[in-house]
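Work through the exercises below with the sequence and the 3D view at hand. Each task is followed by a solution in steps.

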Amino acid sequence: MNARWYPPLPAPQSAEPDRPRSGLREYVDILLDHRWLIAAITVAALVLGACYALFGPRVYEANVLIQVEDADRSATPGDTAVNGVSVKTPTSGEAEILKSRMVLGQAIENTRLFITAQPHYLPLVGAFIARHSTELSNPGFLGLGSHVSGTERIAVAQMDVPPAFEGKRFLLTAGDNGNYTLTHPDFATPLQGRVGVPLDASVPGGVIHLLVGSFEARPGGAFELTRRSMQLVLLELQSELRVIEKGKQSGVMDVSWQTGNPAQLTDLLNEVSRLYVRQNIDQKTAQAERTLDFLGTELPKFRQQLEHSEEVYNQYRNQNGTISLDDEARNALTQNVDLQAKLFDARLKRLDLMSRFTAQHPMVMTLDAQIASLRKELGTVDSRIRRMPMLQQNSVRMQRDIKVNTDLYASLLNSSLQMRLAREGRTGNVRVLDPALLPEKPVRPKAAIAMALALIGGLFLGAATAILHKTLKSTVANPDEIEAHTGLDVYSTIALSTQQVQLDRASRLGKPGMKLLAALHPEDAALEGVRRLRTTLRFTMLGAPNNRILLTSATPGAGKTFVSSNLAAVLAASGKRVLLIDADMRRGSLAGQFGLAQETGLSELVAGSATLPQATHAQVLPHLDVITSGTLPNDPATALAGDAFTQLLATVSARYDIVLIDAPPILLATETVAMASAMGTLLLLARAGDSQLGDLMESTKRLAHVGASFHGVVLNGLDTRQHHYGSYGYGYGNYRFRAHAYPPLGYTPRTEPEHAAS
């Protein structure tokens, strides 16, 4: 029958595209689409957080409160203020002294902080079990190894190793009656030792000295021993030890530290505070000693000066009688005595500062300026005295010498007494208010905080993974992306069908019977896209040279067999006589869709071993005939390039209204490009979330090489449950197809459909 193509009268239905979405809405849609991925990552993070909270290492914290008194409360000349400038070390300076090598180094040495000795716990859960155990454990796990998980303890009094072994782990295994064995991978033979007896042994690089004070473990239980570098331990402690002032200018320092051994933590902090207080007292004692040495030299001189001045004044008064001083002379005498006393105090303070600082120190330079000012004032007073009558001048000078020498001598005696008291009492300006207590609960990890951080981290990591996955993914997401990159129109979008998933599973299992979605589930939402494609093709084929439609894809897996078979079914349902040809002679699967035999088909037709009626499955559905691929040949490209295939196309085009050809993927099969010139309409199939944009563009280039081009693209497998389809904001999340009552296509299965059981 020679039929012509007449388009139907109804106009095509067009859908107005969605407007682009905002950036925030786009990210929200991505997160909603990947909600199960985010949930899985979050659950994994929560599991890790729970494991950390249960089995993670425990960290304890303790603190010591130390008070630093003001300078005025420690009555020593070197600590008094000079013109409002305190020469006492401020609290910040005291904190640096506390963290100095002088204090921390000695504390590390006294507490043996550089020695780490702990039970050889079971991996991951050993420490957790040990925290809840009340007795010694049986060594080993399932009878293997020397791990412990009970109340095992060890005390190591001394451990010195060659530098090459510092930071490396030794394994001490308990034996009977206090004996033990020390092993290391670099030891040729294990070392034997006993509790309380020093172990001295030659090892590669030097000699090892070990003294184990005691241990509690059953025979076979092991302990891990590590001797760390003293310098590294000191640097680590200096960075971890926290010293802060409680309140503003309170003079109270809070010294705290965190570590995993609570007993070692308490011992170290108390030792640090003890050494700090002792060095402060030693500093004050040394200062008192220096002052006493100075006073011991100066006191005899001032006593001799005082006696000489008194003797001279008495002789002068015996010769001249008692001399009455006027107001000006008495005033000058008082000023001269005061200035002499201040000058002496300033010189004494400068002497004390020079024992600790250089002449360029700001405090020393301040005192030098004060001494110069006092000397200038003293010179002014002396000039006033020289203008007085000679009798009064001599009397004022003599009384001045007596007064100054008396005051200075009394001051030196008082200072000497104070220094002796300070030396004998050994008191400083710092004291420990609260010593460190043994902590009972760890500060880390806290279960609530660990789980909260795990939840936040899991949600953030899941969201970042989802956004990164969507950003880096270069697959087709929506019709607008295809049109923007390829320049081709998207004729229709076909939704992802859950019913088709079951039919595909039945086909893979080899179950007999028809597995065509249009025949078994005509109300499925995916068929709306196929019907929309049928409507578009009616207008597309108006100017086509023939009634042949070739449908192909760039790569396998796009679903071209599904689209071609269902498109043929809906075209036949409209009353057109349709012939569906499976031209994919590499892996043709069209026969399985209709439950047909594969043996006799297109390959037999072009080879001449079968006639058209023999190879055609007539009336598979009303108005629909099917030619399967037949036996798959060795060289399908050559089989379809001959005149036999061209003559076949001419014959079937005259007998049918539409000839629909399911061609192999264009990037994998050269015969698809060869067939393109004989087709009236060429359709390229893409799958949402799977097909690459680069593959689609390369497919258009392949056709351009032979002077052909695709008329349009069909986007298959669009998941309407998703909210986001790329940067063009093609949203389908809130759209659902309505189920219409479509009449059956004339197929009545003889038995229960296999797909229902799959």
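Helices (H or I, at least four residues) and strands (E, at least two) are DSSP runs, numbered from the N terminus. The expected span of a helix is 1.5 Å times one less than its number of residues. This is a predicted model, in which local features need pLDDT of at least 70 and side-chain atom pairs count only at pLDDT 80 or more, while totals for chains, interfaces and linings use all residues. Residues are numbered from 1 along each chain as its sequence is written, and side-chain values use heavy atoms, with hydrogens and water left out.

**Exercise 1. A helix and its cover**

Task: Find helix α15, compare its reach with the expected one, and state which of its residues are buried.

Solution: 
- Step 1. Helix α15 covers residues 526-540, which is 15 residues. From first C-alpha to last it reaches 21 Å, close to the 21 Å expected at 1.5 Å a residue.
- Step 2. Apply the accessibility classes: buried means under 20% relative accessible area, exposed over 50%, and partly exposed in between (1.4 Å probe, protein chains only). By this rule 11 of the 15 residues of α15 are buried, and the helix is mostly covered.
- Step 3. The buried residues of α15 include Leu-527, Val-530, Leu-533 and Leu-537, and also the charged Glu-528, Arg-531, Arg-534 and Arg-538.
- Step 4. Look for the cover, using contact (heavy atoms within 4.5 Å). Among the elements that cover the buried residues of α15 are β13 (490-495), α16 (560-573) and β20 (712-718).

**Exercise 2. The largest pocket**

Task: Describe the largest pocket by its volume and its lining.

Solution: 
- Step 1. On a 1 Å grid over the protein atoms alone, a cavity is a set of points where a 1.4 Å probe fits but cannot get out, whereas a pocket is an open set with protein on both sides within 12 Å along at least five of seven lines; lining residues have an atom within 4 Å of a point. Grid points are joined across faces, edges and corners, and a volume is the space filled by probe spheres set on the points.
- Step 2. The largest pocket holds about 1600 Å³ of space.
- Step 3. Its lining has 40 residues, and Ala-117, Gln-118, Gly-260, Asn-261 and Pro-262 lie nearest the centre.
- Step 4. Strand β2 gives the largest share of the lining, five residues. Elements that supply at least two residues each include β2 (115-119), α5 (126-131) and α7 (262-320).
- Step 5. Sort the lining by type: Ala, Val, Leu, Ile, Met, Phe, Trp, Tyr, Cys and Pro count as nonpolar, Asp, Glu, Lys and Arg as charged, and the others, Gly among them, as polar. The lining then divides into 19 nonpolar, 10 polar and 11 charged residues.

**Exercise 3. Backbone exceptions**

Solution: 
- Step 1. Most residues other than glycine have a negative phi, and most peptide bonds are trans.
- Step 2. Pro-445 sits in the loop between β12 (430-434) and α11 (447-472).
- Step 3. Leu-124 belongs to the loop between β2 and α5 and is exposed at 73% relative accessible area.
- Step 4. His-623 is in the loop between β16 (616-621) and β17 (624-627) and is partly exposed at 36%.

**Exercise 4. Salt bridges across the sequence**

Task: How many salt bridges does the whole structure have, and which parts does the bridge of Asp-662 and Lys-560 tie together?

Solution: 
- Step 1. A salt bridge is a side-chain nitrogen of Lys or Arg within 4 Å of a carboxyl oxygen of Asp or Glu. The whole structure has 14.
- Step 2. Asp-662 and Lys-560 are bridged at 3.1 Å, N to O. Asp-662 is in strand β18 (residues 658-662) and Lys-560 in helix α16, so the bridge ties together parts 102 residues apart in sequence. Both residues are buried.
- Step 3. Asp-625 bridges to Arg-577, with the closest N and O atoms 3.5 Å apart. Asp-625 is buried at 3% relative accessibility, whereas Arg-577 is partly exposed at 30%.
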